[in-house]
Amino acid sequence: MKQEKLETRASRLYKKRSTMEMAWRQLRRNKGAIIGLVLLVIIIGAALIAPLLFDYSTDVIGMNVRQRMKWPSLEHICGTDELGRDIFTRIVYGARYSLAVGVVAVAIALVVGIALGAAAGYIGGLFENVVMRICDIFSSIPSVLMAIAVVSALGKSTLNLMLAVGIASTAPFVRVARAAVLVVRGEEYVEAARAIGQPDWKIILVHILPNCISQIIVQATLRVGSAIISAAQLSFLGLGVPAPAPEWGSMLASGRLYIRDYSYMTLFPGIAIMITVLSLNLLGDGLRDALDPKLKR
Amino acid sequence: MADNILEVRHLKKYFKTSRGMLHAVDDINFTLERKKTLGLVGESGCGKSTTGRAILRLLEPTSGEIIFEGKDLNKLSKTQMRHMRKDMQIIFQDPFSSLDPKKTVSQIIAEPIKENKIITDKLLREERVLELMETVGLAERYINTYPHELDGGRRQRIGIARALAMEPKLIVCDEPVSALDVSIQAQILNLLKDLQEKLGLTYIFITHDLSVVNHFSDDIAVMYLGQIVEKAPAEELFDNPIHPYTQALLSAIPIPELGHQRQRVALRGEITSPIEPPEECRFAKRCLMCNPEICKASVPVLMEVSPSHFVACPLKQKEMGLLK
Amino acid sequence: MAEEHDILNIEDLKVRFETEDGTVYAVNGVNLRLGYHKTLGLVGETGAGKTTTALAMLRLVPDPPGVVECKRLEIDGQDVRGMSITKLEQVRGKDISMIFQDPMTALNPVFTVGQQIAESIEIHEHLGKAEALEKAGDMLEMVGIPRARANEYPHQFSGGMKQRVVIAIALACNPKLLIADEPTTALDVTIQAQVLELMNELKEKYDTSMIMITHDLGIVAEVCDEVAVMYAGRIVEQGSLEEVFGKTMHPYTEGLFNSLPNIKNRTAKLKPIHGLMPDPTKLPEGCPFAPRCNYATEDCRKAVPELHRASGTHMVACSAYERDKNFMIDRRKR
């Protein structure tokens, strides 16, 4: 009975309109962001279906001496490398590594950074001071150097690469999270939550973080781009994803030897990195405008 | 003996600043009878909001006793205090920042009920939310809207419903209508008044608007720089203000009436800093009646000049023969 | 005084904002005339279109999204509508100037208050820097701030002092018309009383005409000679202070008075206006106040009532008076 009554009531209620929906409306009008989004969807889609299109052992890492160093043609639209592997195939497959490293590294940085930053912002005092000074130290070391140090200490593997890039990009998240928490903490609804007897940890989780989420999304999107660059840099230096795997950075590194005569070997992986990072940045900027209520016209 | 729900004794709240201790609330004493309203009036920075928050321990008081129904709140642990929160609630000034923008109306109103496990069944809880919405005059079609989709008056109603959700005995109203338009302001004031009668609530009504406080309160306490300078039943305070600051404040209200000639009680410029204030009357520097010998001798104390009428002005106390 | 023209003459001012969520009809046909040396109180609640009307007078409505239409817009006999930007800038500040609500944000934190007052004097009076600073000092003294404080920065002043500085800036070039948009809302009552007193004094001294935008009927009673009550972008009642306060005609004006707590009779129950201000993107058919009005009839929902002269200078836009000349609201006597 009661249930029925409530359900009929519910059907008469207003349609929910979330902030995400409004942000999407805002985002749709930003051409750059939409271009970024479309490119990104293509890249992610390609990375996802790559194993269905190509066989890893034969197409991606298998040598084919007769097809060595072929300039781009209809058959190999990006040409082939010094071992006769199709560069386009390797770039498509390589997206899996670059995106995975970028996303996982940022995820690590995000979780650690938000936990530390939110706690620092909410608790304040000595704890905040210590966390923020450690952040200062971390950000004063160039991130590539830091990642090199981490990889050298932990050993060479894809997982360690993710960890290294993740640690190197934690500091900005701590900062963003702390700043966001400081702003939200002063709002009266947080005080209201305390007035109804909610414990601190729940206030952070239920009221503070959801209200900082847009800034964190923006930061994360932009950071994936720089994480991809860091990962490529490490691979270029031979510290990243191990050899036969088609990581864009290591493709650049091997192509470097032939740059005078076979420039396409470095050109295409380079373009791949550039387009991916550019589309992430375009999207990130667009998101910032769409999610920031202050910029709304 | 009167049924006192709240007694505040020597309440102090100091804030540390780079230039010394800021005495935001400095030795406040009052008692509040059940089902009555105490108006706390004063200008910005007089410590009225801080007092309200310190009573609820949303700000930890520096010292003093807050005796609520016989228990000293200041002695309770954090967990014990959380349980006490059921009985004492707050309504905020700004209906735009006091509601979490990411939560729907029903989530906001249901939160205190859920948090304190008053009703655990989800459907019953929703029923209660609808009941509360009806109590505060919110149409039920708004149950799933977000605060930003509503206007100030409706948002303030949500804030009131949230405060009522746990059936509190005491509600601190911190400027609940000053952000609203006059026509809406009257709606909310009437609502608060009706609720008081219906639910037997006790209010501490904090405001800078004297005409509102006069309409709303049984007793009025006028605050100046962290101290109560005069406290009296509303009618008495308006008919017979004694402290020079109260007189100035009352004479400054613009009256929407033809041919009203205001007899302004003038004030001088300089305002005493609340940071490490000197041991003297804090109003002395702005007061035209000030007699340095008397006013700067010590910190004035509240004295009863007529039944229930307290004044902290050494000059007037002397005139009345209360002070030697 | 026989003047050929008024300080301000607006005919049929309409302002709408074309936003993505629909068109906001902010001002819908406002006619205003203000004689020299008069003070008009423009009264209304949030969203009534008071500030937009004022901004339109100075041609400060942001475009886009704002669209301003107007049959006549004259300040001191000059047509402002087609004016070039250079000419317009001369008019702003010199003939007409505006005081905004929030004194905290109206001043530039990196210049001293003396420099900020002198700036507008330099531009409009073509004085040298030293002379302008000298005059800025005079202005400060006039608003009751010691000349010596001209070298201080805004953050060294309290709210009331800042508003005095803002007034000094607005009056620096002796404008013919001063528009004050809620000049005391951000201030405490005792400070508000001082600022209002100061404005009253200066207005007398300089023979300035003034438009006081406010929601506080008490302030209107204190400083204004004439009153215009706005609702949903229209003027619903207009007249001298005595007419509007003494013989209130429009139900909305009555509602405003009844919403105020009566300081003399504290037990009187407030009689709020029920309902809400209409959504300016979809104004109701007919009289915009009809849905909230206790006297509304079917006819009220059919056509928008025009402002009609009731007596003397008293004008009211309510169709009840068109049907029955003697329809009159007995306002609760205070």
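Student: How many salt bridges are there over all chains?

Tutor: A search of the whole structure finds 42 of them, a salt bridge being a side-chain nitrogen of Lys or Arg within 4 Å of a carboxyl oxygen of Asp or Glu. Keep in mind that this is a predicted model, where local features need pLDDT of at least 70 and side-chain atom pairs count only at pLDDT 80 or more, while totals for chains, interfaces and linings use all residues. Side-chain values use heavy atoms, with hydrogens and water left out; residues are numbered from 1 along each chain as its sequence is written, and chains are lettered from A and ligands numbered from 1 in the order in which they are written.

Student: Nice. Which residue does R16(C) pair with?

Tutor: R16(C) forms a salt bridge with E69(C), at 3.2 Å from N to O. The two are 53 residues apart and link distant parts of the chain: R16(C) lies in strand β1 (residues 8-19) of chain C and E69(C) in strand β4 (residues 66-69) of chain C. Strands here are DSSP runs of E with at least two residues, helices are runs of H or I with at least four, and both are numbered from the N terminus.

Student: And how many salt bridges sit between chain C and chain B?

Tutor: The count there is 0. Even so, 39 residues of chain C are in contact with 38 residues of chain B, contact meaning heavy atoms within 4.5 Å.

Student: How much area is buried between chain C and chain B?

Tutor: About 3,400 Å², with carbon and sulfur atoms giving 56%. Buried area is the accessible area (1.4 Å probe) that two parts lose on being put together, summed over both.

Student: What about chain A and chain B?

Tutor: Those two bury about 3,300 Å², 54% of it on carbon and sulfur atoms. The count of salt bridges between chain A and chain B is 4. E191(A) and R53(B) also meet in a salt bridge, at 2.5 Å from N to O.

Student: Switching topic: how many helices and strands does chain A have?

Tutor: Chain A has 13 helices and 0 strands.

Student: How do α7(A) and α11(A) pack?

Tutor: Helix α7 (residues 143-154) of chain A packs on helix α11 (residues 200-236) of chain A at about 55°, with the axes 10 Å apart. Their crossing is right-handed.

Student: Which residues meet there?

Tutor: S143(A), V144(A), A147(A), I148(A) and V151(A) in α7(A) meet S230(A), Q233(A) and L234(A) in α11(A).

Notes. Axes are lines fitted to C-alpha atoms, for helices over the stretch in contact, and angles run from 0 to 180 degrees between N-to-C directions. A crossing is left-handed if the near helix is turned anticlockwise from the far one by less than a right angle, and right-handed if clockwise.
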